[in-house]
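Dear colleague,

Please find below the structure that I am handing over to you.

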Amino acid sequence: MTVDSPPAPVQLDTPARPRRIPPAVLLIAPSIVFMALLLGWPVIQGVLQAFRGDEGFTLDYITRMVEDPYFWPAVRNTLLLIAVMIPLQFVFAITMALLLRSNPRLNKVHFFVWAIPLALSDLAAGLVWLSIFNDRGYLNSVLTSLGLDSIPWLAYDNPATLFLCVLVAEVWRSTSLVLVIVVSGLQGIPKDYDEAAQVFGATFWQRLRHVTLPLLKPSLQVALILRTILAFQTFAVAQALTGQNFPLVVGETYRWYTALQNPNVAAALALVILVASMLISVFYLRALRDKGQEGTR
Amino acid sequence: MADITISHLVKTYPGATERATDDVSLDITDGDFTVLLGPSGCGKTTLLRMLAGLELPDSGSIAVGGKDVTYLPPNKRNMSMVFQSYAVFPHRKVRYNIGFGLSMAKKPKEEIDRKVAWAADLLQLGPYLDRLPAQLSGGQRQRVAVARAIVMDADVLLMDEPLSNLDALLRLNFRSELKKIVKDLKTTTVYVTHDQSEALSLGDRVAVMRKGQIAQLGDPLDVYDAPADRFVGGFIGSPPMNFIKAAVSGDGGALIVGDQRLRAPSLLQSYSSTDVLLGVRAENVAVDTQRSSGDVPGTVLVVEPMGSSILLTVEVEGQTIKVQAPPTFRTSPGATIWLTFSPNSMRFYDSETAMALVAR
Ligand SMILES: Nc1ncnc2c1ncn2[C@@H]1O[C@H](COP(=O)(O)OP(=O)(O)OP(=O)(O)O)[C@@H](O)[C@H]1O
Ligand SMILES: [Mg+2]
C-alpha cells in the first residue's frame with residue numbers, strides 16, 4: 001500500500017553537536033575511493049587517449065575511426081540489433097514473467113531453467129550457437145534429415161541470416177536478465193490490484209495495460225537501461241558466430257586494439273559507446289518519468 | 001434479478017488444515033442487504049472472495065440470478081467490491097480510480113465524469129479528486145474504494161469492512177449514508193463486518209459466522225433478541241448476553257439459580273431436572289435497592305457510568321453478570337441490590353451443546 005510513502009526524515013544532528021563528517025559519508029568513502037581508482041581513472045585515461053597525439057590535442061584518431069570502412073556498418077548493425085532485440089526481449093521476458101506468476105506446476109523449476117543463460121559466459125553462448133548455425137551444425141543436420149536443403153546461415157554474403165543468427169543467440173543469452181528483473185518487480189506488486197481490476201470487469205489486456213505495466217514501470221526502467229547499455233556492448237556472441245562478417249562497435253574496438261594495434265582509435269570507439277550509453281540512460285529516465293508521481297518524490 | 005444462492009460451499013486454502021468456509025449455504029433475495037458478521041478469521045473474506053470469483057471453492061456452488069457462476073472469471077460476473085485492503089491503484093489519481101470500472105466498460109466520458117462527481121460528493125472526496133492515493137489518509141483511501149464500488153451498475157455489491165478505518169463519528173455518519181445509498185441503488189449487497197452494531201444497524205439480514213460456518217441467519221433484531229446459541233449471544237451486543245448456570249426443578253415449574261428459585265416459563269416444562277444456561281441481556285434485568293417479589297439479591301462489584309445508562313457488574317449466587325441500570329440509579333461497590341429477570345426476555349440454552357432450547 002505504502003509504495004510511495006517517503007521514508008520518515010531522520011534528524012540525527014542537533015544544533016549543539018559539533019560539526020563533523022556525517023557517518024554516511026564515512027561509510028561510503030571506501031567504495032568511492034575504490035570506484036575512483038578502478039573506474040574513474042581508467043575512464044579519464046581512455047578519454048585522454050582518444051584525443052592525445054604526439055603534439056597535444058588531436059582529432060586524428062576520431063577521423064581515422066570514422067573513415068574506416070567498417071565503422072558505419074558497425075554502428076548501423078549495433079543500432080539495428082538494439083532496435084530489434086530490445087523490444088523482442090521485453091515481450092518475451094514479460095510474457096514469461098506473467099506465465100510464472102500464474103503459478104504453474106513446477107514454477108520454481110521453470111524460473112531456474114529460464115535463468116540459466118544468465119550464468120553462461122557470452123563467448124560460451126556464442127560457441128554453443130556456432131555449433132548450431134554453422135554449415136554442418138545441428139540446425140542444418142535437422143534440415144537435411146527432413147529432406148530440406150541446408151542453408152549457409154553464417155555465410156559472409158548473407159547479411160540477413162547473419163543478423164538473424166546473432167539476434168537469436170543474443171535474445172537467448174540475455175533475455176533472462178530482463179526476466180529476473182521483471183519477475184522480482186512483479187513479486188513486489190500486491191495481488192490485490194490485479195484482483196480489483198478483475199472484479200471491476202477489466203479483461204486481461206486491460207489489466208496488463210492499465211494496472212500491471214504501470215505498476216511495473218520502475219522495474220522495466222531498470223531493465224531497459226541495463227539491457228540497452230549492455231546491448232551496445234554486444235561482442236563475444238557476434239564475434240564467435242560471424243567473426244568480421246557482422247561488425248559491431250565493440251568488436252571494432254577489439255579489432256583496433258588487438259589486430260591493428262592502435263589503442264588510440266580503440267579508445268575513440270570506446271568513447272562513442274560511453275557517450276551513447278549515457279545519452280540513452282538520460283533519455284530513458286526522462287521518457288519514463290512518471291508525471292503523476294513527481295509531487296510525491 | 002440478482003438473487004444469490006450459495007450452496008454447500010467448502011474451501012480449504014492450500015496448506016491449511018482447517019476449512020476456511022465449512023459447508024456454507026445461504027440464500028440472498030434480490031435487493032437484500034445481507035451482513036456477514038463474525039470474529040476475525042472466521043471466513044468472511046473468503047466467502048466474499050468466492051462470490052467475486054477471486055477464489056475457487058473446493059466444492060459447492062454459487063448461483064446469481066439463477067445462473068451458476070461458481071467457476072466464472074471475476075470480470076464476467078458484473079459485481080463490484082470494496083476490498084478489505086482497499087486495493088486503490090497507487091499509480092492513478094483518485095478521479096481515475098473511482099471511474100476505473102466504468103472506463104473499463106468503455107462508458108462515455110460524460111457518464112463517467114457525472115458518476116465520479118456524484119460518488120465523490122456522497123463520500124466527501126471532492127477536494128481530493130486530483131490527488132494520488134499516497135497523498136490520502138487511510139480513511140480517505142477507503143472512501144475512494146467505496147466510491148469506486150458504488151459507481152458501477154453491478155448486479156451484486158460486495159463490501160469487506162468498508163468503514164473499518166474511519167473515526168467513530170465519521171463511521172456513524174457514513175453508516176446511515178451507506179444505508180441510504182444502497183437502498184437507492186437497490187443492488188443486492190453482501191457486507192462483511194466484525195462490528196456488531198454496524199451489522200445490526202445496516203442489515204436486512206445478518207448471518208453470524210463462526211469458524212467457517214453460519215451460526216445464525218436472521219433478522220437483526222431476532223439475532224439480537226434470540227441468539228441461536230451461546231456464541232451468537234456472546235458475540236452480539238455490548239455488553240454481551242449474560243449466561244447464568246441454572247437448573248430446572250423436578251416439576252419443571254421453577255428455575256433454580258444457586259439458592260434462588262425463579263418462576264420458569266412454560267418452555268421449561270419439558271426440561272424438568274436438567275441443567276440449563278439462562279441467557280439474559282443486561283438491559284433486560286431490572287434493578288432495585290429494595291426487595292420486591294421474585295427478586296434475586298446480588299452484590300455490586302463494579303459501577304461504570306456510560307452516560308445514557310450505568311453498567312453494573314454484579315455477583316449473583318457466585319456468578320458474575322452485567323446489568324444495565326438507569327442513569328439515575330445510585331449504588332456503590334459492595335452494596336446489595338435486587339434484580340428482577342423479566343420472563344419474556346429470558347432465553348435458555350443447553351448446558352452442554354450451548355444451543356438454544358426449543359419446546360419439545
Ligand atoms: N491466502 C490464504 N492462504 C491460507 N490461509 C488463508 C488465506 N486467506 C485466509 N486464510 C485463512 O482462512 C481463514 C479465514 O480467513 P478470512 O480472511 O476469510 O477471515 P475473515 O473472517 O475475513 O477475518 P478478518 O475479520 O480478520 O478479515 C483464516 O483462518 C485465515 O488464516
Ligand atoms: Mg476479512
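**Strand pairing around E19 of chain B**

B:Thr299 has B:Thr336 as its bridge partner in E19(B). This pairing, like everything below, is read from a predicted model. The strand that joins E19(B) here is E16, residues 296-305 of chain B, and the two run antiparallel with 4 bridges between them. E19 itself covers residues 336-341 of chain B, and strand E15 (residues 285-288) is also joined to it in the antiparallel sense by 4 bridges. Within E19(B), B:Trp338 is the bridge partner of B:Asp288.

With strand E11 (residues 242-248), strand E12 (residues 254-257) pairs antiparallel over 2 bridges.

B:Ala254 has B:Arg263 in E13(B) as its bridge partner. This hairpin of E12(B) and E13(B) has 2 residues between the strands, and B:Gly258 takes a positive phi near 60 degrees.

**Chain B as a whole**

These strands belong to a chain with 8 helices and 20 strands. The C-alpha trace of chain B spans about 75 × 45 × 35 Å along its principal axes. Of its 360 residues, 52% count as buried. Among the contacts in chain B with a separation of 6 or more, 64% are between residues 24 or more positions apart. Chain B exposes about 15900 Å², and carbon and sulfur atoms supply 50% of that area. As for charge, chain B has 38 positive and 40 negative charges, whose mean positions are 7 Å apart.

B:Lys186 is placed in the loop between helix H5 (168-185) and strand E8 (188-193) of chain B. Its relative accessible area is 64%, over the 50% cut-off, and B:Lys186 is therefore exposed. The C-alpha atoms of B:Lys186 and B:Gly31 are 5.2 Å apart in space, although these residues are 155 apart in sequence.

In chain A, A:Asn264 is placed in helix H12 (residues 263-287). A:Asn264 counts as buried because its relative accessible area is 16%, under the 20% cut-off. Not counting residues up to four places away in sequence, A:Asn264 touches A:Gln49, A:Ala50, A:Arg52 and A:Tyr61.

**Annotated regions of chain A**

The unreviewed UniProt entry places the feature "domain: ABC transmembrane type-1" at residues 75-284 of chain A. In the model, this span is 77% helix and 0% strand, with its end C-alpha atoms 20 Å apart. The unreviewed entry also carries the annotation "transmembrane region" for residues 24-44, 79-99, 111-132, 160-183, 224-246 and 266-287 of chain A. Two of these spans may be described further. Residues 24-44 of chain A are 100% helix and 0% strand, and their end C-alpha atoms are 27 Å apart. Residues 266-287 of chain A are likewise 100% helix and 0% strand, with end C-alpha atoms 31 Å apart.

With kind regards

Methods. Residues numbered from 1 in each chain as written. Chains lettered and ligands numbered in written order. Predicted model: local features only at pLDDT ≥ 70, side-chain atom pairs only at ≥ 80, totals over all residues. Heavy atoms only, no water. UniProt positions renumbered as here; feature names shortened; annotations may be inferred. Buried < 20%, exposed > 50% of the residue type's maximum accessible area, 1.4 Å probe, protein only. Contact = heavy atoms within 4.5 Å. Areas by Shrake-Rupley, 256 points an atom, 1.4 Å probe, with all protein chains shown as cover. Lys, Arg positive; Asp, Glu negative; His and termini not counted. Charge placed at Lys NZ, Arg CZ, Asp CG, Glu CD. Pairing = 2+ DSSP bridges.
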